[in-house]
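Here are some notes for a colleague who is opening this structure for the first time. They can be read alongside the sequence and the 3D view.

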Amino acid sequence: MKSILFFSLILFVFVKSATAQQSQLYTVNGSVIDAEEGSALPGLTVILQHAADTTDMVAGTSNTLGSFSLKVQQAGSYFLRLSFVGYETHTQQVLVDSTTNFVGTIGLKQTVKGLGEVVVEEVQERFRINGDTTIFNADAYKVNPDASAEDLVTKLPGVVMQDGQVEAQGEQVQRVTVDGREFFGDDPTVALRN
């Protein structure tokens, strides 16, 4: 009976000391500001990674005042990495040796990336449908400078030249207009070749 009681007491002391060691947490605190303006950076990503075991890491974000607080289970050397969109990533080594470790206020520099030449292009309207009439914008199609209208027409979608006749969507074209004015009467082939 005494041996069972003694064994239970030793087991209790062992379990109590093991749980006491596991409940020991170390806190790493700090704050982050904009290096130029001095304003707080809320929502910044904070990662604390153990130097010896890189799979052992904790992550968090800074609060509205730019402050952060991370808890780790063991003392030792850690890498602190701070990252925020539009700012340079900051990395430093931190020695966690007491229950509360303050790394201070860290200023991050903005990253300014200059763009080269910027070209703004607009997509040209290629065609417009007005009732039963399809109006094509000739400037939207690339042809050689000395090209005839016939060369342009062969590039238009749905328009084909067959046996000297112009067909659009399977129907023969009866007349061709330029800027709304009719050219060469009822013969579209003559209009396109001239």
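**Notes on a predicted model**

1. V118 is exposed, with a relative accessible area of 58%. The cut-off behind that word is a relative accessible area over 50%. The model is a predicted one. V118 sits in the loop that lies between β7 and β8 (127–130).

2. Which residues make the nonpolar surface patch? L115, V118 and V120 make it, and the patch covers about 380 Å². A residue needs over 30% relative accessible area to belong to a patch, and V118 has 58%.

3. An open sheet is formed by three strands, in the order β4-β1-β7, with mixed pairing. The edges are held by β4 (67–72) and β7 (100–108); each has a single partner strand, so one side of each has no neighbour in the sheet. From one strand to the next, the twist averages 20°.

4. Within this sheet, strand β1 (residues 26–34) pairs with β4 in the antiparallel sense, over six bridges. As a point to find in the view, Y26 has V72 in β4 as its bridge partner. In general, strands of a sheet pair through backbone hydrogen bonds, in either a parallel or an antiparallel way.

5. Another open sheet is formed by four strands in the order β3-β2-β5-β6, and here the pairing is antiparallel. Which strands stand at its edges? They are β3 (57–61) and β6 (90–96); each has a single partner strand, so one side of each is left without a neighbour in the sheet. The twist in this sheet averages 20° from one strand to the next.

6. Strand β5 (residues 76–83) and β6 run antiparallel and are joined by seven bridges. On this pair of strands, F79 stands opposite Q93 in β6.

7. How many salt bridges does the structure hold? It holds one. The salt bridge is formed by R128 with E125, and the closest N and O atoms are 3.6 Å apart. The cut-off for such a pair is 4 Å. Side chains of opposite charge can pair when their charged atoms come close.

Note on methods
Residues numbered from 1 in each chain as written. Predicted model: local features only at pLDDT ≥ 70, side-chain atom pairs only at ≥ 80, totals over all residues. Heavy atoms only, no water. Pairing = 2+ DSSP bridges. Helix = DSSP H or I, 4+ residues; strand = E, 2+ residues; numbered from the N terminus. Axes fitted to C-alpha atoms, helices over the stretch in contact; angles between N-to-C directions. Patch = residues over 30% accessible without salt bridge, like charges linked within 9 Å, V, L, I, M, F, W, Y side chains within 5 Å. Areas by Shrake-Rupley, 256 points an atom, 1.4 Å probe, with all protein chains shown as cover. Salt bridge = Lys/Arg side-chain N within 4 Å of Asp/Glu carboxyl O. Buried < 20%, exposed > 50% of the residue type's maximum accessible area, 1.4 Å probe, protein only.
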